[in-house]
Amino acid sequence: MSDTDGDNVLFVVLDTVRKDRLTVYDDELETTPNLAEFADEAAVFEGAVAPAPWTLPVHASMFTGLYPSEHEATQEDPYLEGATTLAESLSAAGYDTACYSSNAWITSYTNLTAGFSDHDNFFQIMPSELLSGPLASLWKTMNDNDTLRGVADRMVQVGNKIHEHLAEGGGGDTKTPQVIDKTIDFVDESDDFFAFINLMDAHLPYHPPEEYAERFAPGVDPTEVCQNSKEFNCGARDIDDDEWDDIRGLYDAELAHIDDQLDRLFSHLKETGQWEDTTVVVCADHGELFGEHGLYGHEFGIYDPLVNVPLMVKHPDIEPERDDETTVELVDLYHTVLDAAGAEGRGEPLQSARSLLSADYRDFAEETGGVPRGDVGFVEYHQPVVELRQLEGKASGAGIELDEQSRFYSRMGAARTTEEKYIHCTRIPDEAYHVGRDPGETENLVGTDDEPEHLRRALFEFVDAVGATWPDEADGADGDVLSGMDGETKDRLQDLGYLE
């Protein structure tokens, strides 16, 4: 082990966590008191923008410093290829690197685990080794071959039946305690570490441990509420106000479970003298919708509950204060971690203006659409082909015909400042909001005197700059996306609600 030039780094992603459900951002809530205590030591950002509303492209952006159209890890092509990751750069700099999660997108199959010397996905049906190294390649080969695919499909069917049985009793929940245990073992055995963890409890379906359910959702049976967002989104299932309250209660219970487990990790770092020398990043990759704009889950929209995410960073060079004026893009966390670790970017080079540790953070020379580039965060949502196929299946089963000229078949993009936001979709009219005074995005400003046309210009300049191929390609065609996925990944995606 060689000496490194920077801090240890703990990078925590709270998967599918809304900013407005955390005590950190609303002190009247009792969901995350431990995280609120951490926030007293950290910079807390109000204007953090995720580059997409779902896991794969967001993690690929945080791991490469590239936007979705640049790294091209999307549902049409769910692999990160040809880019050097953050873990690869830190490994080369002498860090021990580890990635622990139970998210099916963060596997060797998608290449998001490239560069991590240790990683575990805590799958229920098969050991994580089945998605690593040569075995991951074998699964991909099987699914890419017409004859062998039949064998893989039968294995998937068996795995799905086992998983359905486990999930019916609440056994489909994620494995956060095991993730924390593994992380503690890893940091204790390392001299210099980069530990990345993704905590999945707040992702559908919600089966919180009983002690948390009793506090936040007393009397609620998780099997009796709608846990499939596609049923609601296609119109096959109604959810009344009381059921939304029950769903939010289960969600809050999951947040409280995460909060206690994360406190266990933070307390261990303090007790073992590692806390002061560790940069800690805590963010969500995206949020969740609970009926806003007629949507449930995190598909088919890029509204603020999905893309204006929580972000807290602890480092000696960052003042522990609230920041409601700075636009922060999650893409910038790549550069921030490199800076904190004293490492070179072996792929995308470190850009000082994109590191939160830098005095010139977001001080870009250029403008975009007549707006200072540092004031704007961008969001991309490629064709949601996996969710769309399930949505179509739910609609068909209920005798519902989906309108192809709708958000379900649209590709989307947005430009957002701390005050304003412009959304462009390929098949429905554009939307614009003054999110500073209208945080619920209820008053569409397109066509009014207050329409932020400068953000529309900025969005399309961004599209050109990153070489995006939208808006003309959103035809709902999925090609061979699903046929190329290995069996265990399909099984886990089914658990998360992406597949039938």
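What follows is a set of questions and answers on this predicted model.

Me: Which helix gives the largest share of the negative patch on the surface?

Reply: The patch of negative charge on the surface gathers Glu210, Glu211, Glu214 and Asp260. The helix in question covers residues 210–216 and supplies three residues, which is the largest share of the patch, and its name is H8.

Me: Is Glu214 buried or exposed?

Reply: Glu214 has its place in helix H8 and belongs to the patch of negative charge on the surface. A residue is called exposed when its relative accessible area is over 50%. Because the relative accessibility of Glu214 is 52%, this residue counts as exposed.

Me: Why is there no bond between the sulfur of Cys234 and the closest cysteine sulfur?

Reply: A search of the whole structure finds zero disulfides, and Cys226 is in none, with the sulfur of Cys234 as its nearest cysteine sulfur. A disulfide would need the two sulfur atoms to lie within 2.5 Å. The sulfur of Cys234 is too far from that of Cys226 for a bond, because the distance is 9.6 Å.

Me: How many residues of helix H12 are buried?

Reply: Helix H12 spans residues 332–341 and is mostly covered. Among its buried residues are Asp332, Tyr334, His335 and Ala341, and H12 is followed by Gly342, whose phi is positive, near 65°. Of the ten residues in H12, the number that are buried is nine.

Note on methods. Residues are numbered from 1 along each chain as its sequence is written. This is a predicted model: local features need pLDDT of at least 70, side-chain atom pairs count only at pLDDT 80 or more; totals for chains, interfaces and linings use all residues. Side-chain values use heavy atoms; hydrogens and water are left out. Patches are made of residues with over 30% relative accessible area and no salt bridge: like charges are joined within 9 Å, nonpolar side chains (Val, Leu, Ile, Met, Phe, Trp, Tyr) within 5 Å. Accessible areas come from the Shrake-Rupley method with a 1.4 Å probe; for residues, only the protein chains shown count as cover. A salt bridge is a side-chain nitrogen of Lys or Arg within 4 Å of a carboxyl oxygen of Asp or Glu. Lys and Arg count as positive and Asp and Glu as negative; His and the chain ends are not counted. The place of a charge is taken as NZ of Lys, CZ of Arg, CG of Asp or CD of Glu. Helices (H or I, at least four residues) and strands (E, at least two) are DSSP runs, numbered from the N terminus. Buried means under 20% relative accessible area, exposed over 50%, partly exposed in between (1.4 Å probe, protein chains only).
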